[in-house]
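Dear colleague,

I am passing on a structure that you have not worked with before, and below I set out what was found in it.

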Amino acid sequence: QRQRATVLLVLKDGEIVAERANYARTPAHRHLSNSMAKTIVALAVGKALEEGRIRSLEDTAADYEPNLAGTLYGRTKLLHLLRMASGARFVEDYSGSDDLARYSRVAQRNGMAQAAREISQMASAPGSTFNYASAETQMLGLVLRAATGQSLCAYVGSRIWQPMGAESRATWLTNPSDGAEMASGYFNATAHDYARLGWLMARDGMAGERQVIPRDWLLQMTDASRQPEQFRPGRMQHKGSTYQGYGFQTWLMPGSTRRFALVGVYGQAIYVDPALKLVVVHLA
């Protein structure tokens, strides 16, 4: 009650061991992801790589989406976009006057690709420094749409959501001017499907006996030891703290075993501990 949580769900060994909902929510209700959606985008990039639709993480965003040609983000490698390490100067503090607000206003009027032209200054060398920027996930969303020839909803739905055994469709809110999914957030799903997603990741991409996501890709996304030193928990600088690290669009937790989280602003989170076979879903 103090945290104004909407849903708290604990999954252990694939079974729900605790579940609580507030504000008259039921298991049928869908909940906004905010930035938990970023991790779903990274999962989709892994599937596109597996299928050969994306050739290499060394490719740039403009290699797939020509409308990004001539922009800072267009010449950024997919690897750096996945790590939030384009080097672009970008402030995201949800003040309503930050770079995210400026980018979003242009995107709503003129489209996501056109809004990329608003981000033009460098703050660090590409790949060197973590800087949280939702616009970088938007670029990955555009890359996926171009590489797969499908909407992000359709691709995630057929490649991840349905094979995972989800009970509801995978949907994003879309940008009004170009119809592109607002990939960095705005995903909607039931609490039980968020738990299924966490369980899929806890099992290194397995749903039942099916390998839905390549195991090696899950490890690249979530294993701190696979990240450059400056992106690991205890070393990575973020808002004055070194507590967390960052993999591919996924927060990495400190500790002697691999633990990670999908996190959205204002209280959305899925915490995953593969060794304990534990998933905690918190929606607010």
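How much space lies in the largest cavity? Before the answer, please bear in mind that this is a predicted model. The largest cavity holds about 40 Å³ of space, and the structure has 1 cavity of 30 Å³ or more. Its lining is made up of Ser-35, Met-36, Lys-38, Thr-39, Tyr-132, Tyr-246, Gln-249, Trp-251, Leu-262 and Val-263. By class, the lining of the largest cavity divides into 6 nonpolar, 3 polar and 1 charged.

One of the residues in that lining, Leu-262, leads on to the sheet, where the bridge partner of Leu-262 is Ile-270 in β11. Strand β10 (residues 260-264) and strand β11 (residues 268-273) run antiparallel and are joined by 5 bridges. Both belong to an open sheet of 7 strands with antiparallel pairing, in the order β2-β1-β12-β11-β10-β9-β8. At the edges stand β2 (15-21) and β8 (245-246), and because each has a single partner strand, one side of each is left without a neighbour in the sheet. As background, strands of a sheet pair through backbone hydrogen bonds, either parallel or antiparallel.

The largest pocket contains about 400 Å³ of space. It is lined by 21 residues, of which Leu-100, Ser-104, Ser-134, Ser-184 and Tyr-186 are the closest to its centre. Helices α3 and α5 each supply at least two residues of this lining, and the largest share, 5 residues, comes from α3. The lining of the largest pocket has 10 nonpolar, 9 polar and 2 charged residues.

In the second largest pocket there is about 280 Å³ of space. Of its 14 lining residues, those closest to the centre are Tyr-94, Tyr-132, His-238, Lys-239 and Trp-251; Tyr-132 and Trp-251 are also among the residues that line the largest cavity. By class, the lining of the second largest pocket has 7 nonpolar, 5 polar and 2 charged residues.

Helix α3 (residues 99-110) has 12 residues, and at 1.5 Å a residue it should span 16 Å, which agrees with its end C-alpha atoms being 16 Å apart. The buried residues of α3 are Asp-99, Leu-100, Ala-101, Tyr-103, Val-106 and Ala-107, and what covers them includes α4 (112-115) and α5 (134-148). In general, an α-helix has 3.6 residues a turn, so residues three or four places apart point the same way. Just after α3, Gly-111 takes a positive phi of about 105°.

Helix α5 has 15 residues and reaches 21 Å from its first C-alpha to its last, close to the 21 Å expected at 1.5 Å a residue. This helix is mostly covered, with 13 of its 15 residues buried. The residue that follows α5 is Gly-149, whose phi is positive, near 70°.

With best regards

Terms used:
Residues numbered from 1 in each chain as written. Predicted model: local features only at pLDDT ≥ 70, side-chain atom pairs only at ≥ 80, totals over all residues. Heavy atoms only, no water. Helix = DSSP H or I, 4+ residues; strand = E, 2+ residues; numbered from the N terminus. Expected span 1.5 Å × (residues − 1). Buried < 20%, exposed > 50% of the residue type's maximum accessible area, 1.4 Å probe, protein only. Contact = heavy atoms within 4.5 Å. 1 Å grid on protein atoms, 1.4 Å probe; cavity = no way out; pocket = protein on both sides within 12 Å on 5 of 7 lines; lining within 4 Å. Points joined across faces, edges and corners; volume = space filled by probe spheres on them. Nonpolar A, V, L, I, M, F, W, Y, C, P; charged D, E, K, R; others polar. Pairing = 2+ DSSP bridges.
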